[in-house]
Amino acid sequence: MADFTHVYDAPPPGANPDWTIPQSWEVFSADEHAMWDRLFARQSAMLPGRACDAFMRGIDVLKLEKPGIPDYRELNARLIAATGWQVMAVPGLVPDDVFFDHLANRRFPAGNFIRTPEQLDYLQEPDVFHDVFGHVPMLADPVFADYMVAYGQGGLRSLGFGALHKLARLYWYTVEFGLIEEPAGLRIYGAGIVSSYGESIFCLDDPSPNRIRFDLLRLMRTEYRIDDYQQNYFVIPSLEHLLKVTVETDFAPLYAQLESLPDIPIADILPEDDVITHGTQAYAHSKA
Ligand code: PHE
Ligand code: FE
């Protein structure tokens, strides 16, 4: 998960200028591999019928069912063959421009640590389970792979317009928390969801959140929360649609337009929204 708020000065000691570090796969302990296995077993038992086709295919193509934290030498051989993408270890969150440059060059930075048992259901910084299990299966899909490259290029471009804050919403509501409408029904493709047991159920089954069909401008006006389950999910009709709309739209005039449009409060529904579920927001209100 990208966090767009942290600012760093320089890569930590031992890291390369692009912030990557060796994965040092040999150094993970038996307990750390066991934590991966525990998370993997829990998610993969629950995701059939919930995760989208592309995600399930990615798990398969990349042979992620092999026990233990994946060794990137093996994983990258399969991922490069599928779409030219590769995973690179980084110590933690990296600066925005570094992150976008990696994406634009088909490199996905992954946190090189795994959560502790106390953090089983929630942690603030993305760990290797979120980054690899959550993000990498979708990167084996050729269309989604191209979307992520375009997003990296668009991210670099957004910095020149001071518009990262708006573009970050697109990442949040697609890459991290996106839903897709498949013939069999709504499915998950967002990494923040597929790597979370609770939200994988909540996002599809709970009457609380709004589920609204994807509209680029509407989405980029919408606030989001980073501290709990989402109050809105945006639903794309297909990965091809997401790629086409974002690549064919010049975001420069969109950023200008967004300057003069008010943000949309987090759970609001507008008359022009194409609504699948008008959420009760009962869950969010129960926590307020
Ligand atoms: N087309 C966008 C632009 O003009 C770039 C972009 C592509 C952004 C895909 C996000 C996703 O800036
Ligand atoms: Fe993520």
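Guide: Start with Trp19, in the segment before helix H1 (30–46). Keep in mind that this is a predicted model.

Visitor: Why is Trp19 called buried?

Guide: Its relative accessibility is 5%. Buried means under 20%. Trp19 therefore counts as buried.

Visitor: What makes the phi of Trp19 worth a remark?

Guide: Phi of Trp19 is positive, about 75 degrees, and Trp19 is not a glycine. Most residues other than glycine have a negative phi.

Visitor: Where else is there a positive phi in a residue other than glycine?

Guide: At Arg106, with phi near 60 degrees. Arg106 sits in the loop between helix H4 (96–104) and strand E2 (107–111).

Visitor: Why is Arg106 called partly exposed?

Guide: Its relative accessible area is 23%. Partly exposed runs between the 20% limit for buried and the 50% limit for exposed. Arg106 therefore falls in the partly exposed class.

Visitor: Let us turn to the ligand. Which residues are around ligand 1?

Guide: Tyr147, Ala150, Tyr151, Gly154, Arg157, Leu170, Thr246, Val247, Thr249, Asp250 and Phe251. A heavy atom within 4 Å is what puts a residue there. By class, the shell has six nonpolar, three polar and two charged residues.

Visitor: Which elements give two or more residues to that shell?

Guide: Helix H6 (142–161) and helix H11 (239–248). H6 gives the most, with five residues.

Visitor: How do you know that Thr246 makes a polar contact with ligand 1?

Guide: A backbone N or O atom of Thr246 lies 2.8 Å from a nitrogen atom of ligand 1. The cut-off for such a pair is 3.5 Å. The pair of Thr246 and ligand 1 therefore qualifies.

Visitor: What polar backbone atom lies 3.0 Å from an oxygen atom of ligand 1?

Guide: One of Phe251. Thr249 takes part too: a polar backbone atom of Thr249 is 2.8 Å from a nitrogen atom of ligand 1. Both distances fall within the 3.5 Å cut-off.

Visitor: How much of ligand 1 does the protein cover?

Guide: On its own, ligand 1 has 330 Å² of accessible area, and the protein covers 92% of that. The space that ligand 1 takes is the second largest pocket.

Visitor: Back to Thr246. Is Thr246 buried or exposed, and what makes it so?

Guide: Thr246 lies in helix H11. Its relative accessible area is 10%. That is under 20%, so Thr246 is buried.

Visitor: How far apart are Thr246 and Gly154?

Guide: In sequence, 92 residues. In space, their C-alpha atoms are 9.2 Å apart.

Visitor: Why does Ala282 count as partly exposed?

Guide: Ala282 is in helix H13 (residues 282–287). Its relative accessibility is 44%. That lies between 20% and 50%, so Ala282 counts as partly exposed.

Visitor: What makes Leu75 buried?

Guide: A relative accessible area of 3%. The limit is 20%, so Leu75 is buried. Leu75 lies in helix H3 (residues 72–83). Its C-alpha atom is separated by 8.1 Å from that of Gln86, eleven residues apart along the chain.

Technical notes
Residues are numbered from 1 along each chain as its sequence is written. Chains are lettered from A and ligands numbered from 1 in the order in which they are written. This is a predicted model: local features need pLDDT of at least 70, side-chain atom pairs count only at pLDDT 80 or more; totals for chains, interfaces and linings use all residues. Side-chain values use heavy atoms; hydrogens and water are left out. A polar contact is a pair of N or O atoms within 3.5 Å; within protein, one must be able to donate a hydrogen and the other to accept it, and residues adjacent in sequence count only if both atoms are side-chain atoms. Accessible areas come from the Shrake-Rupley method with a 1.4 Å probe; for residues, only the protein chains shown count as cover. On a 1 Å grid over the protein atoms alone, a cavity is a set of points where a 1.4 Å probe fits but cannot get out, and a pocket is an open set with protein on both sides within 12 Å along at least five of seven lines; lining residues have an atom within 4 Å of a point. A molecule sits in a cavity or pocket if more than half of its atoms lie within 2 Å of its grid points. Helices (H or I, at least four residues) and strands (E, at least two) are DSSP runs, numbered from the N terminus. Ala, Val, Leu, Ile, Met, Phe, Trp, Tyr, Cys and Pro count as nonpolar, Asp, Glu, Lys and Arg as charged, and the others, Gly among them, as polar. Buried means under 20% relative accessible area, exposed over 50%, partly exposed in between (1.4 Å probe, protein chains only).
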